[in-house]
Amino acid sequence: MGTGPLPTTITGSNTVSYWLPPNLGGFYGMAMVGTGENDSTLANRHDGNFAGARFGFASGAFDVAAAVTRSKFNATATVGNYTHANIGGSWDAGFAKFFALYNKVTVKLAAGTVRKNTAEIGAHIPAFEVGRIRISYAYLDDRSDESLRNANGMPRTATTRGSSASATSTTSPSAPRSTAPTHG
């Protein structure tokens with residue numbers, strides 16, 4: 001999700017964010033809002049406006065976070081109101097760090113609504129002194145309107161072994177993100 005035709009998946013203009021202080025007994029979070037730069041008299045005056053938040057809790061080997069963000073756009077064939085919500089968690093067992101992540105993405109286009117739900121589980125296993133082996137299994141459940149579904153109309157399933165992909169799901173580099181947390 002961090003790339004694509006939606007401008008706020010790359011960057012956001014006119015943003016304000018608030019980060020919770022670091023001494024809250026393991027609780028952490030942030031919230032962000034931003035506005036587009038459109039003329040207030042135009043029909044698309046709200047395009048680019050977004051808001052989001054991420055909150056989590058980390059204690060010892062455990063970490064869990066949840067986030068949601070929404071960007072507004074007048075619906076066209078390729079862009080529309082965009083919502084991304086996710087929750088992720090990790091547990092560092094010492095010999096490996098295990099994680100799980102669930103994402104829900106909705107984009108309201110002129111032709112209908114795209115709805116993609118993904119789930120991922122995996123582990124990072126230390127390898128030698130300088131590396132790690134990353135393994136994960138991800139599942140995509142495409143609940144989009146029929147005309148906007150995957151090419152074969154079926155959910156996609158993917159398995160990754162030894163990949164360099166991390167367990168992070170980014171709603172936007174400039175907006176709140178949730179992750180299979182990796183503190184420590």
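Predicted model: local features only at pLDDT ≥ 70, side-chain atom pairs only at ≥ 80, totals over all residues.

Guide: Residues are numbered from 1 along each chain as its sequence is written, and side-chain values use heavy atoms, with hydrogens and water left out.

Visitor: How many helices and strands does the secondary structure of the protein have?
Guide: Helices (H or I, at least four residues) and strands (E, at least two) are DSSP runs numbered from the N terminus. Here the protein has zero helices and 11 strands, and the pattern along the sequence is accordingly written β-β-β-β-β-β-β-β-β-β-β.

Visitor: What percentage of the residues count as buried, and what share of the contacts is made by residues 24 or more positions apart?
Guide: Buried means under 20% relative accessible area, exposed over 50%, and partly exposed in between, with a 1.4 Å probe and protein chains only. By that rule 39% of the 184 residues are buried. A contact means heavy atoms within 4.5 Å, and among the contacts with a separation of 6 or more, residues 24 or more positions apart account for 48%.

Visitor: How many salt bridges are there?
Guide: A salt bridge is a side-chain nitrogen of Lys or Arg within 4 Å of a carboxyl oxygen of Asp or Glu, and the count comes to three. One of the salt bridges joins Asp-145 and Arg-115, whose closest N and O atoms are 3.2 Å apart. Asp-145 lies in the loop between β8 and β9 (156-161) and Arg-115 in strand β7, so this pair ties together parts that are 30 residues apart in sequence. Asp-145 is partly exposed at 28%, and Arg-115 is partly exposed at 31%.

Visitor: Where do Asp-142 and Lys-116 lie?
Guide: Asp-142 forms a salt bridge with Lys-116, with the closest N and O atoms 2.8 Å apart. Asp-142 is in strand β8 and Lys-116 in strand β7, so the pair links parts that are 26 residues apart in sequence. Asp-142 is buried, with a relative accessible area of 7%, and Lys-116 is buried at 18%.

Visitor: Is Asp-141 buried or exposed, and which residue does the side chain of Asp-141 meet in a salt bridge?
Guide: Asp-141, in strand β8, is buried, with a relative accessible area of 16%. The side chain of Asp-141 meets that of Arg-143 in a salt bridge at 2.5 Å, N to O, while Arg-143 counts as exposed at 51%.

Visitor: Which residues make the nonpolar surface patch?
Guide: Patches are made of residues with over 30% relative accessible area and no salt bridge; like charges are joined within 9 Å, and nonpolar side chains (Val, Leu, Ile, Met, Phe, Trp, Tyr) within 5 Å. Tyr-18, Leu-20, Leu-24, Phe-27, Phe-55, Phe-57, Val-64, Ile-87 and Tyr-102 make a nonpolar patch of about 820 Å², with areas from the Shrake-Rupley method and a 1.4 Å probe, where for residues only the protein chains shown count as cover. Ile-87, one of these residues, sits in strand β5 (residues 81-92) and is partly exposed at 44%.

Visitor: Where does Phe-128 lie?
Guide: Phe-128 lies in the loop between β7 (112-127) and β8 (131-142). Although Phe-128 is not a glycine, its phi is positive, at about 60 degrees, and at 82% relative accessibility Phe-128 counts as exposed.
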